[in-house]
Every structure is written in C-alpha cells, then in structure tokens.
Amino acid sequence: MIEPVNVALGLAALSAVLSVIATYLAVSDRDLLRALIFSALQSTAYAIIFLVLMAPDIVLVYVPVAVGIYPAVVLALIKRVGRFEGGEGGE
Amino acid sequence: MASRYLIAVSIALVVVSLSFAVAYGALGASVPLEGLRSLARAYVTLAYAPWNRTLTVMSPEAVTSIVWDFRGVDTFFETAVLFGAIIGTVTLFRGIKPSARIGEGLSAIARSAAAVTAPMILAVAAAIALHGHLTPGGGFQGGATAAVVALVILVTFSLGYLVSGLSKERALMLRSAGLLGIAAVALIPPILGGIVFQNQAKELSQFSYPAYIGGALTSGSLLFYNLFESLAVAAGLTLTIMLLLSPHEVVEEAVRGEDHERI
C-alpha cells in the first residue's frame with residue numbers, strides 16, 4: 001500500500017522533472033512565443049510543487065501572475081521586439 | 001549549437017546540486033519541517049485564540065494574520081513598492097489614450113467561452129479575496145485573479161471593448177480608492193485612541209475592530225484590508241495590462257510627441 005504522503009511527494013517530484021524539461025525548452029527555443037508557453041508550463045509545475053509543500057496562499061497568487069499576467073506582459077514585449085531570437089528564422 | 005549544450009549542462013548541474021543538497025537535509029529531514037521555532041509557534045497558535053483576546057488576531061488563517069496584522073507594516077510597504085511600479089508605468093505611458101474603438105476580437109466560440117468563464121473567474125476572485133481571513137488567499141491573490149478577467153476580455157473581445165467598460169481614468173480611480181481604503185483602515189485606530197495598524201484590542205490600547213459582524217467571523221480589520229487590497233491590485237494590474245498592450249502606433253505617437261516638445 002502506498003502512503004498518501006508519498007503519492008503527494010511523487011507528484012511534486014514529477015512536477016519538478018517536468019519543470020526542468022520546460023525550463024530547458026524555454027531557454028533554448030529561438031521562437032519566443034513557444035518559449036513563453038514553455039515558461040508558463042514550468043510555472044504550472046511549480047504551482048503543483050507549492051501545493052504539495054502546503055503553501056496554498058502562494059499557489060493562489062502564483063497561478064494568476066505566472067500563467068495570466070506575466071505571459072501577457074512578456075507577450076507585449078515580444079510584439080515589440082519580434083517573435084524570433086536572432087532575426088527572422090534564427091541562426 | 002554549442003550554446004544549447006551549455007544551457008543543458010548548466011541546468012543539469014543546478015538540478016543535480018540542488019537535489020544533492022535537499023537529499024542531504026538542506027531543507028530539513030522532512031517536509032513540512034518538524035519542530036517549529038518559538039516565533040513560528042506563537043504566530044500559529046495566536047492567529048485564532050478567542051481565549052487570549054489581547055494577543056490574538058481572531059483569524060484561523062495564519063498567513064493572512066501575519067500579512068495584515070503581525071507584520072502589517074511590512075505589507076503596507078510591499079504594497080507601496082508595487083504601486084510605485086504601477087505609477088511608474090502610468091507615468092511612462094502618460095500620453096497614451098487607449099482607443100475606445102471596439103475591434104472584432106476572436107471567433108464567436110472564443111467570445112462565448114470567455115463570456116461564460118469571465119464571471120466565474122470574477123466569482124472565484126471575490127471568494128479568494130473576501131474569504132482571505134478564513135481560507136488560503138487574500139487581497140493580493142484575489143486582485144491578481146480578478147485582473148485575469150480583464151486580460152481574458154482584452155484578448156478575446158478587444159482593447160476598445162475593455163476600455164468602453166473600464167476607462168483608464170476609472171481604473172486609476174478604483175486603484176486610488178483601494179489604496180485610500182487601506183490607509184483609512186490603518187489610520188482609524190490611532191484617531192480613535194489605538195495604535196496604527198491595530199486590529200484587536202491589546203493590553204495597552206483598548207481599540208478593537210469587531211471580530212464578528214452579524215455572527216460571521218470577519219477577523220476585524222483583515223476583511224477590510226483584503227477587500228481594499230483586492231480592489232487596488234485588480235485595478236492597478238488591469239491598468240498596467242491596458243497600457244502595455246496598447247497598439248504600437250498609439251504608443252509611438254505619444255512618445256514621438258514628447259520628443260518634439262523637448263527639441
């Protein structure tokens with residue numbers, strides 16, 4: 001029988017792995033719009049980790065800021081500087 | 001290509017070293033930590049303690065108790081920093097008038113979905129803010145959630161549609177009303193003989209906000225702080241989003257106009 005606490009910690013561990021992959025994709029992608037979506041994915045994984053670590057107050061502020069407002073502000077930035085890093089089409 | 005390997009290797013290094021540190025007890029041997037320090041124990045036990053009316057906050061939510069009562073002045077300055085940033089944005093974009101021209105927006109399906117979900121998000125935001133003294137949440141969390149509604153409307157309908165309902169001036173006014181409300185709740189106690197940011201009666205000062213209103217637990221000033229903070233944060237963040245997502249031409253025109261005047 002698996003202990004409930006281990007299920008919760010396993011969920012956190014899975015989210016942590018997901019967040020690492022999303023972070024790598026967000027940093028390495030030259031398409032800034034896709035990088036932004038990966039960044040939001042990483043934030044979602046962090047929100048799950050915060051929930052498992054019993055910080056619901058942080059989750060409630062992290063979800064709207066990291067998935068709603070922050071992408072909107074970065075989207076405004078991407079609109080100004082162009083979608084692709086290093087000029088059209090990348091390297 | 002080399003930069004991709006560099007990124008991968010550095011992320012892997014951070015992950016491995018952090019995992020190593022956590023596995024060997026950098027955060028304590030278990031989650032959550034065992035054995036609270038005396039200060040933390042006092043916060044947790046005094047948050048809701050009707051048997052100790054001169055020290056308690058009368059709120060079962062320890063986080064909100066710390067945010068608006070035990071460490072209330074900290075939160076006040078934190079709010080001041082956030083609003084300094086928002087005032088900076090508004091000043092930077094001061095020439096811009098978000099156009100009231102209502103655009104087409106996204107497809108009818110997206111607009112219908114937004115019309116259904118927007119009031120639901122707003123209801124959740126209100127619940128988070130107004131139950132902040134009872135359950136996880138609070139003014140900032142509720143306000144940030146409410147600002148997402150404005151964002152959803154802006155994206156699915158259009159900036160003009162949002163501005164026609166909530167103009168720049170009205171958002172500024174709501175934000176100021178929220179801030180003034182916070183200031184009023186903080187300053188009413190000293191006017192009536194208490195201490196700044198006082199909530200419940202203390203040994204040396206008998207002023208007290210009502211802990212119960214009509215039989216419902218309102219935790220004194222916490223409900224009012226959460227209400228005004230959510231109003232100020234929702235209006236402030238909506239205003240910022242409105243200005244940052246204004247059309248490129250409008251921003252260009254406003255900025256160019258400034259340059260002409262200076263020359």
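Trainee: What should I keep in mind about the model and its numbering?

Mentor: This is a predicted model, in which local features need pLDDT of at least 70 and side-chain atom pairs count only at pLDDT 80 or more, while totals for chains, interfaces and linings use all residues. Residues are numbered from 1 along each chain as its sequence is written, chains are lettered from A and ligands numbered from 1 in the order in which they are written, and side-chain values use heavy atoms, with hydrogens and water left out.

Trainee: How many residues of chain A and chain B are in contact, and what area do the two chains bury between them?

Mentor: The size of an interface is often given as the accessible area lost when the parts come together. Here that area, taken with a 1.4 Å probe and summed over both parts, is about 2,100 Å² for chain A and chain B, with 74% of it on carbon and sulfur atoms. Tyr24(A), Asp57(A) and Arg80(A) supply 28% of the area that chain A buries against chain B, more than any other three residues. With contact meaning heavy atoms within 4.5 Å, 21 residues of chain A meet 27 residues of chain B.

Trainee: How many salt bridges and how many residue pairs in polar contact are found between chain A and chain B?

Mentor: Side chains of opposite charge can pair when their charged atoms come close. The rule asks for a side-chain nitrogen of Lys or Arg within 4 Å of a carboxyl oxygen of Asp or Glu, and across this interface it finds 0 salt bridges. Polar contacts are pairs of N or O atoms within 3.5 Å, where within protein one must be able to donate a hydrogen and the other to accept it, and residues adjacent in sequence count only if both atoms are side-chain atoms; 3 residue pairs, both members at pLDDT 80 or more, are in such contact between the chains.

Trainee: Which helix of chain A gives the most to the side that touches chain B?

Mentor: Helices are DSSP runs of H or I, at least four residues long, numbered from the N terminus. On the side of chain A that touches chain B, α3(A) gives the most, with 13 residues.

Trainee: Is Ser59(B) buried or exposed, and which residues does Ser59(B) touch?

Mentor: Ser59(B) is placed in the loop between α2 (38-47) and α3 (62-70) of chain B, and it counts as buried because its relative accessibility is 0%. Its side chain reaches the backbone oxygen of His133(B) at 2.7 Å. Not counting residues up to four places away in sequence, Ser59(B) touches several residues, among them Tyr48(B), Ser219(B) and Leu222(B).

Trainee: Why is α9(B) described as largely enclosed?

Mentor: Of its 24 residues, 19 are buried, so α9(B) is largely enclosed by the rest of the structure.

Methods. Helix = DSSP H or I, 4+ residues; strand = E, 2+ residues; numbered from the N terminus. Buried < 20%, exposed > 50% of the residue type's maximum accessible area, 1.4 Å probe, protein only.
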